[in-house]
Amino acid sequence: MISEKEVQHIAKLARLYLKQKEIQKMGKELSLILDYFNLLKDVNVNNVEANSGSIDIQKNLSIKEVTREDSTIKGDSTKEIMKLIPEKENGFVKVKSIFGK
Amino acid sequence: MELLNLTIRQIHKKLLDKEISAVELTKVFLSQIDKIDKNINAFLNVFNDSAISQAKEIDKKISEKQEISILAGIPMALKDNILIKGEKCTAGSKILENYIAPYDATCVKKLKKAGAVFLGKTNLDEFAMGSSTENSAFKITHNPQDLSCVPGGSSGGSAAAVKANECVFALGSDTGGSIRQPASLCGVVGLKPTYGAVSRYGLIAFASSLDQIGPLTKNIEDAEIVFDFIKGKDEKDSTSVKLDSKKSNINLKNIKIGLPKEYFQEGINPEVEKTIKDFIKKIQEQGLNVEEISLPHTKHAIPCYFLISSCEASANLSRYDGIKYGKSNMKEKELNILDTYLKTRGQGFGDEVKRRIMLGTYALSSGYYDAYYLRAQKVRTLIKQDFENAFKKVDMILTPTSPFTAFKIGEKIEDALSMYLVDAFTVSTSLAGLPAISMPCGEVENLSVGLQIIGKNFKESEIFKMCTFFEKIITNN
């Protein structure tokens, strides 16, 4: 069972604000889901390598095949990207102050 | 109107023979959307004006006798997590409600070059997380076969739009079944290509080691045509691979088909099972070799998939911080930086996305990483080995796509775990990276049953060849 305190801790790590009602519901749901996921504990994984997803042909590609030459190319969407930024000044992205007053 | 049912090749011929113009054709589909989408809700955004101007350009090329591709003038739709420059792309989320894509996805670039006509963007579960399209922040899509049922998900809008003849074809994305399962529930064809076959550049990321873009179509030939246009190496996606363009010359009579016994056990609807088994009898009568195989880790695929995909999602979705783009609380002066993050994300994400972010963050957090994430990655290796062993004995694997036909709207949405179990037959192939297609092979009480055909890596052309044969058997009955 995942406690409310644990839910609050995880929510903070995930940078998610949850209302009190959401915290209670989340604790119950995550507990149910993780209980089911305990199925994985029955599997013998001794000496099994972890797989991060890539299929063999990708693992065998050389660095040269997956990188391009280190040369400058013209970006074609700078203007569009700048338009999306909620708060900006002189071509810079504005953030909230990070150091306390 | 019979124009709505035509295949890509048939439309192409009519355009070249000047039996119909691209503008007329586009108008037929736009008016179909106008007429019926209020009942289906497949679309989030319809490009009435730009679709017509795209079609005009094709008509101009035809009248000037310029060469056009087979996709030129073909009206199609895009899942709303694939970027078209200058158009909104929401991923079905409030956090991207006003996001205007600053560039084209690679597959969009390729389709634009081919002259396809973009009719609009289709509905999806928020960030492609779900199996019913009920998790969209904007609307609920209805299954064209029965409006009280879900279309499946997460590419439910794309599958419904194809089924309801609101477009000739659509693109979707598949992370754990999000193309194949809605294809199965709506009665259309849906391909999840091999991981790496199609560039993911411009697809809004959910779980990067699993995501693939693929076509939803009305028949196998159309799926192959679209796939051939969107596949291939892209320097903007380092996992994309250059593919052999040779068509398969396999002799179907020499092909061995495996039926994994684990897919015909508890959990499957008996009528669905019977439909699939009847079809298998038919292909055996046609002389195909079918044998039982075992994929022993099948029951571990759901936890393995949901752990890995949620972990990846929790990292991928950290970019939605209210600072760079999307929904933002930056303008609220009294909020500090942490509160800005918390509030933007707390208000912007829906319940299922929050659940997955929490699940992923938990499984990656100190003290739980080894027990959950690392263990899931090891089980992923075992699932992949199951398939490698099976493919030593057989060339293709055949299963039901979904344990049941379309379920009712509202039936599962309150129970997260029961919704996760919906994907039982599609997640294994995603974890192994393998290509798989779903095609309709029968009906139970007027709702489609989908057949899943899984092939070896990058052997899409063998799958297409086999499915073309299957299609003939199904339509002749």
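**A friendly note on this two-chain model**

1. Let's start with one residue of chain A. You can find A:Asn90 in the loop between strand 1 (88-89) and strand 2 (92-93) of chain A. Look at its backbone too: phi of A:Asn90 is positive, about 50°, although this residue is not a glycine. Please keep in mind that this is a predicted model.

2. Chain B has an asparagine to set beside that one. B:Asn165 also has a positive phi, about 55°, without being a glycine. Its place is the loop between helix 5 and strand 4 of chain B.

3. Another loop of chain B deserves a look. The peptide bond between B:Gly153 and B:Ser154 is cis, with omega about 10°. B:Ser154 sits in the loop that runs between strand 3 (117-122) and helix 5 (156-163) of chain B.

4. Now for the sheet of chain B. It is an open sheet of 11 strands with mixed pairing, and the strand order is 1-3-2-4-6-5-10-11-9-7-8. Strand 1 (43-46) and strand 8 (289-293) of chain B are at the edges; each has a single partner strand, so one side of each has no neighbour in the sheet. On average, neighbouring strands of this sheet are turned by 30° against each other, direction ignored.

5. Strand 2 (residues 75-79) and strand 4 (residues 169-174) of chain B run in the parallel sense, paired over three bridges. Which residue is the bridge partner of B:Ala77 in strand 4 of chain B? It is B:Ala170.

6. Helices pack on the sheet as well. Helix 7 (residues 220-230) of chain B touches strand 4, strand 5 (189-192), strand 6 (212-217) and strand 10 (436-444) of chain B. The direction of helix 7 makes about 150° with that of strand 6 of chain B. Helix 8 (residues 270-285) of chain B packs on the sheet too, and strands 7 and 8 of chain B are among those it touches. Its direction makes about 105° with that of strand 10 of chain B.

7. Finally, see where the chains meet. The contact takes 42 residues from chain A and 54 from chain B. On the chain A side, helix 2 of chain A gives the largest share, seven residues. That side divides into 29 nonpolar, six polar and seven charged residues.

Technical notes
Residues numbered from 1 in each chain as written. Chains lettered and ligands numbered in written order. Predicted model: local features only at pLDDT ≥ 70, side-chain atom pairs only at ≥ 80, totals over all residues. Pairing = 2+ DSSP bridges. Helix = DSSP H or I, 4+ residues; strand = E, 2+ residues; numbered from the N terminus. Axes fitted to C-alpha atoms, helices over the stretch in contact; angles between N-to-C directions. Contact = placed C-beta atoms within 7 Å. Nonpolar A, V, L, I, M, F, W, Y, C, P; charged D, E, K, R; others polar.
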